Amino acid sequence: MVVAVVSFLTALLITAPVSKLLIKFNFNKQIRTSESAPIFSKLHAGKAGTPTMGGVIIWITVLGLAAVFGILNIIFDGFFHNFNFINRSETFLPLAALLLAAVLGLIDDILGVLKIGPKGGGLSIKNKLLVYTLISAVGAWWFYGPLNWHVIVVPFLGVFDIGWWYVPVFMFVIVASAFSANETDGLDGLLGGVSLFAFSALTVVAFVLGRYDLAIMGGSIVGALLAFLWFNIYPARFFMGDTGSMALGITMGMMAMLTNTVFLLPLFAFVMVFESLSVIVQMTSKKLFKRKIFLSTPIHHHFEAIGWPESQVTMRFWIISVIFTGLGLALFFLDRVI
């Protein structure tokens, strides 16, 4: 809780200078053209010119606190031991993945601002999936190799040793989490809010399991997300960008694997799953049947298209997130009791 509060205050403090830099260098959101996405373009034309890459506030805060507390712990000979959350077995990989994904997302955002790439700039979906796959492959190797992890928990059924199958399962979870987070980032405060509930749940789970350094890291993410949301709720001062969504999605998947809650993650991140499934269904229907199921995808744009105000869509999706996150936590505790 202390680290979460420190993270919140730190993120608030760095928001002003980060915001000024984004405006100074014209890191502004480019809205897709009406030809490639007519409904989306019509709904969000007014957002053109809003600064993007605001997600840097989240990961700079988390990584900065990890570095500061780690250094203070060394200088003061263990006095800051309880605040230092750098741990080889618990947080090395998620912190490294957070940094790598954030940097790659930042590059994608810059390409988008400069309009370099297909459909107005940035990486294509195929290229993003390739990036997610490469990061997940490194993570899978670390878990299966150095950490010797090859078991998975199925709620109410027990622990199963799945051997080398752990590698493709790990990769699928990370890629799915990153893809889902990216698709959810489309309305003011939407991804920030649903991520807040998901990371809060994963932090509680980590604490209950005795993975305290991972829980502290989760607390730092929660605090940074709260500060980000302060400025990202409608009307947003800036957008998260891929540098935030990619980092959050991949880190969320890593925390789920570290806490062995892969089967509860779809409940913790229910809205994200809902969003990505809508995209997959839409793409499949258009390719096979030459018709659309939804007016626009991800599905939050469909609800906008039928007349829901943006803030209403966001708040209702937050409510759904709270309900399913609570259900996921209830199942987690019931499983431990039974």
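**Close-up 1. Helices H7 and H8 are roughly antiparallel to each other.** In this predicted model, helix H7 spans residues 190-208 and helix H8 spans residues 212-232. Their axes come within 8 Å and cross at roughly 160°; because angles over 145 degrees count as roughly antiparallel, the pair falls in that class. The crossing of H7 and H8 is left-handed.

**Close-up 2. Residues at the contact of H7 with H8.** From H7, the contact is formed by Gly192, Gly193, Ser195, Leu196, Phe199, Ser200, Thr203, Ala206 and Phe207. H8 contributes Tyr212, Leu214, Ala215, Gly218, Gly219, Ile221, Val222, Leu225, Leu226 and Leu229. By class, 12 of the residues in this contact are nonpolar and 7 are polar, with no charged residues.

**Close-up 3. Packing of helix H5 against helix H6.** Helix H5 (residues 125-144) and helix H6 (residues 166-184) pack with their axes 8 Å apart, at an angle of about 140°. This angle makes H5 oblique to H6. H5 passes H6 in a right-handed crossing.

**Close-up 4. Residues at the contact of H5 with H6.** On the H5 side, the contact is made by Ile125, Lys128, Leu129, Tyr132, Thr133, Ser136, Ala137, Gly139, Ala140, Phe143 and Tyr144. The H6 side is made up of Tyr166, Val167, Phe170, Met171, Ile174, Val175, Ala178, Phe179 and Asn182. This contact of H5 with H6 has 15 nonpolar, 4 polar and 1 charged residues.

How values were computed: Residues numbered from 1 in each chain as written. Predicted model: local features only at pLDDT ≥ 70, side-chain atom pairs only at ≥ 80, totals over all residues. Heavy atoms only, no water. Axes fitted to C-alpha atoms, helices over the stretch in contact; angles between N-to-C directions. Helix = DSSP H or I, 4+ residues; strand = E, 2+ residues; numbered from the N terminus. Parallel < 35°, antiparallel > 145°, perpendicular 65-115°, else oblique. Left-handed = near helix turned anticlockwise from the far one by under 90°. Contact = heavy atoms within 4.5 Å. Nonpolar A, V, L, I, M, F, W, Y, C, P; charged D, E, K, R; others polar.
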